[in-house]
Amino acid sequence: MSRYTISVHPRQKMYIDLTHMVGSDLYLTRKLNDVSQKQMAANLECNASTVSKHLAMGNNLTLRTLADLAWAMDGEVEISIKPKRRDI
């Protein structure tokens with residue numbers, strides 16, 4: 001079996017990790033709160049396909065869209081940016 005290694009720039013890796021984390025959090029919150037995409041669409045007064053598109057992994061969400069999605073599933077948004085820990 002062949003094994004491939006892909007080199008990813010740290011900047012791109014940070015984006016990939018962040019979108020994965022946000023997507024996972026949205027999925028978990030929706031499941032824990034037992035809210036369907038159809039219910040979210042009704043709360044947001046939009047089509048279920050729009051909600052589905054926003055919830056797709058790797059989607060580049062605006063803060064407004066993130067807040068709307070969290071509100072529609074009775075969730076909260078918490079964002080934090082911290083300095084990297086550096087050994088001195």
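I started at Met-40 and listed its contacts beyond four places in sequence: Arg-30, Val-35, Val-51, Leu-55, Leu-69, Ala-72 and Met-73. The model is predicted.

**Entry 1. The core**

Next I looked up the largest nonpolar core. It holds ten residues. Met-40 is one of them, along with Leu-26, Val-35, Ala-41, Val-51, Leu-55, Leu-66, Leu-69, Ala-72 and Met-73. The largest share comes from α4, with three residues. I noted the general background: nonpolar side chains in soluble globular proteins tend to be buried together.

Back to Met-40. I see that its contact list includes Val-35, Val-51, Leu-55, Leu-69, Ala-72 and Met-73, and these residues are also named in the core. Arg-30 is on the contact list too.

**Entry 2. α2 against α3**

How do the axes of α2 and α3 cross? I find an angle of roughly 110 degrees, and the axes come within 8 Å. The range for roughly perpendicular is 65 to 115 degrees, so α2 is roughly perpendicular to α3.

I listed the residues that meet. From α2 they are Gln-37, Lys-38, Met-40, Ala-41 and Leu-44. From α3 they are Ala-48, Val-51, Ser-52 and Leu-55. By class, I read six nonpolar, two polar and one charged residues in this contact.

I stopped at Ser-52, which sits in helix α3. Its relative accessibility is 34%, so I logged Ser-52 as partly exposed. I also checked Ser-52 against Tyr-4. They are 48 residues apart in sequence and 32 Å apart in space, C-alpha to C-alpha.

**Entry 3. Thr-19**

I moved to helix α1 (residues 10-32), where Thr-19 lies. Is Thr-19 buried or exposed? Its relative accessible area is 15%. The cut-off for buried is under 20%, so Thr-19 is buried. A polar atom of the Thr-19 side chain lies 3.0 Å from the backbone oxygen of Ile-16.

Most residues other than glycine have a negative phi.

I place Asp-34 in the loop between α1 and α2. Its relative accessibility is 65%, so Asp-34 counts as exposed.

I place Asp-74 in the segment after α4. Its relative accessible area is 67%, and Asp-74 is exposed.

Conventions. Residues are numbered from 1 along each chain as its sequence is written. This is a predicted model: local features need pLDDT of at least 70, side-chain atom pairs count only at pLDDT 80 or more; totals for chains, interfaces and linings use all residues. Side-chain values use heavy atoms; hydrogens and water are left out. A nonpolar core is a set of buried Ala, Val, Leu, Ile, Met, Phe, Trp, Tyr and Cys residues joined through side-chain atoms within 4.5 Å. Buried means under 20% relative accessible area, exposed over 50%, partly exposed in between (1.4 Å probe, protein chains only). Helices (H or I, at least four residues) and strands (E, at least two) are DSSP runs, numbered from the N terminus. Contact means heavy atoms within 4.5 Å. A polar contact is a pair of N or O atoms within 3.5 Å; within protein, one must be able to donate a hydrogen and the other to accept it, and residues adjacent in sequence count only if both atoms are side-chain atoms. Axes are lines fitted to C-alpha atoms, for helices over the stretch in contact, and angles run from 0 to 180 degrees between N-to-C directions. Angles under 35 degrees count as roughly parallel, over 145 as roughly antiparallel, 65 to 115 as roughly perpendicular and the rest as oblique. Ala, Val, Leu, Ile, Met, Phe, Trp, Tyr, Cys and Pro count as nonpolar, Asp, Glu, Lys and Arg as charged, and the others, Gly among them, as polar.
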